[in-house]
Every structure is written in C-alpha cells, then in structure tokens.
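Please look through the sequence and the structure shown here before reading on. The report that follows takes a few parts of the structure in turn.

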Amino acid sequence: MSRSPKTNPNNPNPNPLLLYHHQNQNQNQNQNQSTKRSRSLSLPDIFFKDQALKHVLLKMHLNHHSSLSTTPSPPSSPDTTTRLKYLSLDSLAPDPTSLLSDHLLSLIFSKLPISQYFSNSLVCRRWLYLHGRLVQSLKLFDWSFLDSGRVFHRLPNLSDVNIVHACIRVPRNSSILVTRKYFSVHLDSKLSENRFIDEGNLLPTRAIDKGLKLLAESYPNLRRLVAIGASEDGLSSVAKECQILQELELHSCGDLSLRGISGCMNLQIVKLIGCVDGFYSSVVSDIGLTILAQGCRRLVRLELCGCEGSYDGIKAIGQCCQMLEELTLCDHRMDGGWLAALSFCGNLKTLRLQSCKSSIDSSPGPDEYLGSCPTLEGLHLQRCQLRDKQAVGALFSVCRDVKEIVLQDCWGLGNEVFGLASICRRVKLLSLEGCSLLTVEGLESVILSWKELQRLRVVSCNKIMDSEVTPALSTLFSVLKELKWSPDSRSLLSSSLAGTGLRKKGGRFFKSYKG
C-alpha cells in the first residue's frame with residue numbers, strides 16, 4: 001500500500017504539489033472563517049473602531065474622574081486616575097453612565113419609580129451610593145442598623161423615619177402575624193395570657209432615647225417621625241434638633257413623655273396611641289392633652305387613639321390650638337361631657353369618630369350647655385355604637401351646621417336614632433354604608449327635610465328595599481347631582497342571577513351523574 005508522503009515544515013526542499021495543496025486549504029479555511037464572522041457591526045464596534053475616537057473617549061473619562069463634585073461617589077480603588085493611565089484602549093468597556101456626573105445621574109434616577117430603587121442600587125457601588133441619597137423614607141426593622149450608625153452613611157437624606165418595628169423584639173421568621181389597625185407584628189408561639197406583646201419585648205427606654213438622639217443629630221431636616229416607648233429625654237432631643245418636624249406619631253406614650261415635644265413649635269400633625277388592647281396600655285389623660293395643647297399651638301390635625309380625657313382636655317386643645325381643622329377619636333376612653341368642649345374648637349372642619357365600642361358620650365349634659373361648631377363641614381362615624389339616643393342626639397346638636405355626614409358600619413342606627421339627624425339642616429352629602437337597621441321610612445323622613453341635599457350614597461343597607469321607595473323620594477332622586485343607590489345587596493344579587501339557573505340546590509345537575 002502506497003502512503004502519501006508527509007511534508008516536514010523544516011525541510012528546505014518540500015514537495016511543491018503538497019505545498020500548493022496545503023496553501024489552498026489554508027486559504028479556504030480563512031475564507032470560511034471570514035464568512036462566519038461577517039455580520040453587522042454593533043454600536044460598540046462602530047463607536048470604538050476609530051483609534052482617534054477611542055483616544056478622545058479615554059480623555060473624557062479621565063477628565064470626568066478628575067473633576068468630580070465636592071461629594072464624589074466612592075471610587076472602586078484608591079487611585080482611579082493611575083489605573084486608567086495604564087488601561088489599554090482595546091480593553092476599555094463601553095459605560096455611558098461613567099461619562100455623566102453624579103448630579104445628572106441622580107437626576108435621572110429621581111425620575112424612576114421608587115419601586116426600582118432597590119434593584120438599581122445593586123448594579124454597582126456608584127449606583128448604590130447615589131440611590132442612598134435619593135431615599136427619604138425608611139421603616140426600620142433592625143435596630144442594629146441604627147445603633148451602629150450605618151444608616152447615617154447609607155441613607156444620609158432621610159426625612160421620614162419609622163422605628164416602631166425595630167423597637168419590638170420578636171422573631172422575624174415567625175409564621176404568626178398579628179395585624180392591628182396601626183401596625184403588623186410577628187409573634188412568638190409563647191404568648192402571655194392577656195397580651196401579645198409584653199413589656200420585655202420592647203427595647204429599654206434608655207436605648208430608644210439614645211436612638212432618637214442619634215436620629216435628631218444626623219437628620220436635622222426630619223419632617224415625620226414614628227416612635228414607640230420614648231421618654232421625655234428622647235423626645236426633647238428631637239424637639240431641639242429637628243426644628244422643621246411637622247408630623248409625629250407616638251405609640252405607647254404617656255402624659256409625662258409629652259413634655260418632650262412641647263418644644264416642637266412647627267408640629268402640624270400629631271397622632272397619639274395610648275392603649276391598644278393586647279399590645280400595650282399607656283395612659284394619655286387631660287394632663288397630657290393640656291401639655292400637648294400648650295406646647296404645639298400650630299396643630300392642624302390631631303388623632304387620639306385609645307386615649308383618656310374629658311371636657312378639660314378637649315377644651316384646652318380647642319383654646320390653644322386655634323388652627324386645628326381635623327380631630328379624630330379612635331376607640332376613645334373619654335369621660336362623660338366631652339362633647340360640650342367641641343364648641344371651643346373654633347376652626348374645626350372635620351370630626352371623625354372610629355371604633356367607639358361604648359357610648360359616644362356617657363353623660364353629654366343638657367342641650368343648652370352643648371354649644372355648636374359653626375365651621376364644621378364633615379362628620380364621619382365608622383364602626384361606632386349608636387344605640388344611645390341621648391349621646392347621638394347631643395352629637396348631632398353640636399354638629400348641627402355640618403355639610404357632610406358619613407355613617408359606615410355603625411350598629412344600632414335605626415329609624416328613631418337616625419331621625420335625630422334632622423336637626424342638621426345644611427347637609428349636602430349623605431353616605432350610608434352597612435346600616436342594616438335603617439329602612440326607607442326612616443331615610444325618607446330625614447332627607448326630605450334637607451333642602452340643600454345634593455349627593456346621596458346608600459350601600460349595603462339591607463332593610464332599604466327598592467319596592468318601598470315612594471314617589472316623593474323618587475322625585476328627590478331625580479334632582480340630585482350624585483346618586484349611588486345599591487342598598488339591598490341580596491336583592492341585587494338575586495336579580496342579576498335571574499334566569500341563569502344559579503343559586504339552586506343542584507339536584508338536577510347531580511342526577512345526570514348517577515348510574
């Protein structure tokens with residue numbers, strides 16, 4: 001068998017035929033490779049094809065790093081300029097954002113939705129640095145993040161801080177989650193008899209005061225603060241350093257702790273949560289309300305949740321806080337006679353009563369001593385017990401000049417109790433929702449006497465039937481500017497399912513599957 005001779009590359013006299021064949025084979029391979037590589041140039045290929053253009057871009061990159069602002073982002077290495085001097089032109093990766101200053105890049109980031117801040121901050125160290133300066137609101141869950149001082153370097157421009165969850169020492173990986181109107185908290189399986197959170201689950205008051213002092217010194221432009229278990233010392237630090245603080249929410253606060261916020265002269269919104277069943281029980285009485293009223297005279301909105309008090313406390317607020325426009329009482333524990341003090345709130349526009357389990361006012365007193373709120377525009381009652389006719393009548397008497405009445409999920413509101421609202425002659429809007437005892441007769445007897453009524457909403461009031469609507473009521477409906485009428489949800493469901501065969505026992509359906 002003959003063998004084809006092999007060509008030795010070191011042979012000075014190679015076979016010319018084999019050499020020619022080998023050269024042709026190399027040329028074909030080069031042509032195939034060039035054909036495979038032939039494609040449309042991408043933008044980076046066009047951008048860096050010219051050596052002169054690459055040199056210009058490198059100069060711009062160096063000038064950018066040498067002319068950073070007074071607060072430049074932290075470099076990835078101690079000497080970026082030196083590293084870039086020896087950087088090869090061919091190895092320069094295209095990074096358009098590196099040509100932008102921190103100010104321009106921060107302006108671009110500020111136009112993005114807040115939900116994208118976290119994902120964008122993971123791109124690089126520079127983006128992490130810039131995004132930290134855009135964040136203004138923080139809900140703290142880890143107290144060590146504040147106590148170690150890392151939060152001040154990571155987020156230096158905060159104006160809204162909530163430290164409630166970080167002050168409650170409970171396991172974060174617990175599958176038991178209790179949600180209250182004010183917050184949600186994870187609980188351990190080992191609970192006390194009558195409480196979800198014991199005093200031992202809260203951080204010591206000294207630690208909370210120390211954290212508030214650090215916050216006040218690092219964020220003098222703080223505008224909103226939510227805290228729990230703070231004492232007079234901690235709140236005094238906030239009042240001293242944060243001169244433009246406008247909104248304050250305090251959980252588990254007492255009368256004496258309120259002396260600390262008496263120096264917050266610019267406070268406009270205050271929410272005090274004294275007692276929450278099963279969580280904590282602090283006492284805010286007339287003493288605390290008087291301290292608050294004398295120190296924070298620019299209040300516009302005040303919300304008292306689980307707070308005690310009486311005529312004297314509400315009177316002090318009305319006399320001192322003459323700019324107060326909105327007052328909310330949630331699950332209040334007020335003594336009898338507090339309704340008469342509302343007449344001292346000369347600029348009050350909205351009164352909200354929520355979750356009043358017992359009577360609104362156990363002893364309102366004679367009508368001639370109640371007075372009224374001539375500037376009141378809105379009365380909102382949510383989840384309140386309205387069986388006490390004397391208390392409800394006193395409430396409507398004080399609010400006789402009201403223009404909007406909203407009643408939602410209030411039990412005990414029958415025809416006789418609702419008839420007490422006829423004293424309010426200037427009502428323009430009435431909203432009823434979840435009032436299951438009220439009928440068409442009781443509704444008609446009141447709203448026909450309101451000559452200025454323009455808007456009516458009746459939802460889920462199951463005893464108000466369409467078939468009982470009178471011609472006089474229909475005439476009133478025709479002249480209203482806004483009417484939402486869906487009182488009987490069961491009748492609406494029956495009429496919408498009529499003829500569909502649904503809502504039946506299903507006997508015929510299952511007969512077809514029997515043997």
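Which residues point one way from strand 12, and which the other way? In this predicted model, Glu326, Thr328 and Cys330 point one way from strand 12, while Leu327 and Leu329 point the other way, and all are buried.

## Strand 12 and its partners

Strand 12, which covers residues 326–330, is mostly covered, with five of its five residues buried. Strand 10 (residues 301–305) is joined to strand 12 by five bridges, and the two run parallel; within this pairing, Leu304 stands opposite Leu329 of strand 12.

Strand 12 is also joined by five bridges to strand 14 (residues 350–354), and these two strands run parallel. Here the bridge partner of Glu326 is Thr350 in strand 14.

Helix 14 spans residues 311–320, and its buried residues include Gly313, Ile314, Ala316, Ile317, Gly318 and Cys320.

## Helix 17 and helix 18

The axes of helix 17 (residues 440–447) and helix 18 (residues 471–479) come within 11 Å and cross at roughly 55°, which makes helix 17 oblique to helix 18. The crossing of helix 17 and helix 18 is left-handed.

Helix 17 contributes Val440, Glu444 and Ile447 to the contact, and helix 18 contributes Ala472, Leu473 and Leu476. Sorted by class, the contact of helix 17 with helix 18 has five nonpolar residues, no polar residues and one charged residue.

## Helix 7

Helix 7, made of residues 125–132, is mostly covered, since six of its eight residues are buried. The buried residues of helix 7 are Arg126, Trp127, Tyr129, Leu130, His131 and Gly132.

Notes:
Residues numbered from 1 in each chain as written. Predicted model: local features only at pLDDT ≥ 70, side-chain atom pairs only at ≥ 80, totals over all residues. Heavy atoms only, no water. Axes fitted to C-alpha atoms, helices over the stretch in contact; angles between N-to-C directions. Helix = DSSP H or I, 4+ residues; strand = E, 2+ residues; numbered from the N terminus. Parallel < 35°, antiparallel > 145°, perpendicular 65-115°, else oblique. Left-handed = near helix turned anticlockwise from the far one by under 90°. Contact = heavy atoms within 4.5 Å. Nonpolar A, V, L, I, M, F, W, Y, C, P; charged D, E, K, R; others polar. Buried < 20%, exposed > 50% of the residue type's maximum accessible area, 1.4 Å probe, protein only. Pairing = 2+ DSSP bridges.
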